[in-house]
Amino acid sequence: MPDISKINNVAVADISKLDSITFADGQKVNNQSVSLISDAHTLIDTADSGSGVASLGFTSGIDSTYDVYEFHFTNIHPETNNVNFLFQVNPSDDEVGSGTGEYDTSPITSTFMTSYQKEDNADAHPSAGFLYEADQDIANVANYVPLNLHVAAAVGDESLSGVLRLFAPHSNTFVKHFMSDTNVYTNGDYSRRALVAGYINDTTPITQINFKFASDEIQGGNIKMYGVAKS
Amino acid sequence: MALTLISTPLNITTSDTAVTSVDITSGIDGTYQSYEFHCVNMYPETNNVNFCFQVNAATGSNTAGFDQVITSSSARAYLKEDGTGGTLGYDANSDHHQEVSLQRILSTGTGDDADQSVSGILRLYAPSSTTYVKHFLAEGNGADHGDYTVNSWTAGYINTTEAIDEITFKFDSGDIEAGTIKMFGVS
């Protein structure tokens with residue numbers, strides 16, 4: 001444990017430089033030992049919508065460097081009201097830039113659960129806590145997969161946030177499992193949480209991923225891609 | 001939150017020697033408040049089996065092995081590749097009510113086709129506490145032997161106030177023929 005935990009009310013673990021001087025674990029500040037807390041999450045890349053893009057994605061950086069990749073969505077805001085947020089992938093033999101790269105060749109089987117509550121409490125929420133949405137699951141087809149539904153854009157403060165985890169996309173043996181947990185401010189003023197999980201039924205390594213709304217642009221927010229340390 | 005990789009207790013492929021279980025007997029202590037176990041592409045020797053864990057209080061009074069008392073709930077959603085069977089429900093075969101048997105996590109009925117496996121994350125909270133029971137949360141996804149995707153959530157508590165310092169992972173029948181397990185500490 002460090003001898004000091006905070007400097008000017010800032011946790012030592014959160015400080016990387018003092019007066020632009022980088023210090024390392026084991027060094028001392030004012031003769032007090034410094035213990036830096038490492039984090040196994042490595043930020044690989046950020047995809048930012050800027051003023052508007054048709055889709056956000058990553059066409060590099062998904063490889064065997066990490067076993068688990070996390071995609072963190074922050075305030076993804078649509079151009080159009082009441083649209084679903086979607087993802088699909090490209091395998092290494094059909095990439096953007098080399099193959100057709102149209103995110104339409106890897107079949108996915110996935111389940112879809114939601115839980116929701118309306119702002120005015122005027123609608124019944126699922127009695128079992130979560131509801132299986134049979135019209136949103138995917139059965140071994142190469143369509144874009146919905147991660148959440150009915151994202152609003154009526155006022156301007158609505159968006160989607162959450163995380164998608166992708167396991168071992170580099171495997172050339174196994175299908176690729178994924179799990180997503182997101183929350184949305186939906187059309188009609190609901191908070192809607194969606195749990196989506198499944199597998200990409202493709203033994204070819206997955207190297208590219210794309211996110212978009214079912215129609216029109218992403219006009220706010222960003223997606224950060226992290227790798228979780230293997231060693 | 002910061003995640004620190006502590007160790008890689010398992011990292012084998014089908015070309016390596018299979019293992020009956022993965023027993024982690026060090027590194028679980030009071031250093032971290034909670035621990036995460038990332039299980040990636042756990043591949044079974046036997047068709048239609050369940051990935052499980054149990055724990056041990058090696059420094060406590062019950063040192064007989066991985067047989068702590070667990071109470072837990074479990075739910076799952078599944079869908080067959082042909083589009084049938086889409087269901088969400090409570091999984092009474094995977095819950096525990098003060099039982100000491102293996103606790104199923106991450107998925108159920110995992111198949112042994114060459115491309116089938118189960119992946120997911122188990123979080124264990126404050127295992128070193130000598131005051132409280134030990135809570136855990138698990139979520140995973142598996143490729144079922146009947147070509148279903150099975151997404152499972154299991155949570156519960158290990159009903160002991162002794163410090164938990166060992167954990168085992170295994171399928172409830174047959175070996176683990178491939179997979180990676182990484183143990184992280186959460187600061």
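Which strand of chain A holds His41(A)?

**Figure 1. His41(A) and its strand.** His41(A) lies in strand S7 (residues 41-48) of chain A. Helices (H or I, at least four residues) and strands (E, at least two) are DSSP runs, numbered from the N terminus. The structure is a predicted model, in which local features need pLDDT of at least 70 and side-chain atom pairs count only at pLDDT 80 or more, while totals for chains, interfaces and linings use all residues. Residues are numbered from 1 along each chain as its sequence is written, chains are lettered from A and ligands numbered from 1 in the order in which they are written, and side-chain values use heavy atoms, with hydrogens and water left out. His41(A) counts as buried at 16% relative accessibility; buried means under 20% relative accessible area, exposed over 50%, and partly exposed in between (1.4 Å probe, protein chains only). His41(A) and Val228(A) are 187 residues apart in sequence, but their C-alpha atoms are 4.8 Å apart in space.

**Figure 2. Chain A as a whole.** Chain A has 19 strands and 0 helices. Of its 231 residues, 46% are buried. A contact means heavy atoms within 4.5 Å. Among chain A contacts between residues at least 6 apart in sequence, 73% join residues at least 24 apart.

**Figure 3. The nonpolar cores.** A nonpolar core is a set of buried Ala, Val, Leu, Ile, Met, Phe, Trp, Tyr and Cys residues joined through side-chain atoms within 4.5 Å. The largest one has 35 residues, and those with the most contacts inside it are Phe71(A), Phe73(A), Phe85(A), Phe87(A), Ile209(A), Phe211(A) and Ile223(A). A second, separate core of 31 residues includes Leu122(B), Leu124(B), Ala138(B) and Phe169(B). Leaving out residues up to four places away in sequence, Ile209(A) touches several residues, among them Phe58(A), Ile62(A), Tyr103(A) and Leu164(A).

Figure 4. On a 1 Å grid over the protein atoms alone, a cavity is a set of points where a 1.4 Å probe fits but cannot get out, and a pocket is an open set with protein on both sides within 12 Å along at least five of seven lines; lining residues have an atom within 4 Å of a point. Grid points are joined across faces, edges and corners, and a volume is the space filled by probe spheres set on the points. A search of the whole structure finds 1 cavity of 30 Å³ or more. The largest cavity has a volume of about 40 Å³. Its lining consists of Asp67(A), Val68(A), Val228(A), Ala229(A), His38(B), Val40(B), Thr180(B), Lys182(B) and Phe184(B). Strand S3 (34-44) and strand S13 (176-186) of chain B are the elements that give two or more residues to this lining. The largest share, 3 residues, comes from S13(B). The lining residues divide into 5 nonpolar, 2 polar and 2 charged. Here Ala, Val, Leu, Ile, Met, Phe, Trp, Tyr, Cys and Pro count as nonpolar, Asp, Glu, Lys and Arg as charged, and the others, Gly among them, as polar.

**Figure 5. The largest pocket.** The largest pocket has a volume of about 580 Å³. It is lined by 26 residues, of which Arg165(A), Asp181(A), Arg193(A), Arg123(B) and Glu139(B) are the closest to its centre. The lining divides into 13 nonpolar, 5 polar and 8 charged residues. Elements of both chains supply at least two residues each, including strand S15 (160-167) of chain A and strand S10 (134-143) of chain B.

**Figure 6. Two cysteines of chain B.** A disulfide is a pair of cysteine sulfur atoms within 2.5 Å. Cys39(B) is in none, and the nearest cysteine sulfur, that of Cys52(B), is 11 Å away. Cys39(B) is buried at 0% relative accessibility, and Cys52(B) is buried at 1%.

Figure 7. Asp216(A) has a positive phi of about 65° although it is not a glycine. Asp216(A) lies in the loop between strand S18 (206-213) and strand S19 (218-228) of chain A, and counts as partly exposed at 44% relative accessibility. Leu106(B), also a residue other than glycine, has a positive phi near 75°. Leu106(B) is in the loop between S8 and S9 of chain B and is buried at 0% relative accessibility.
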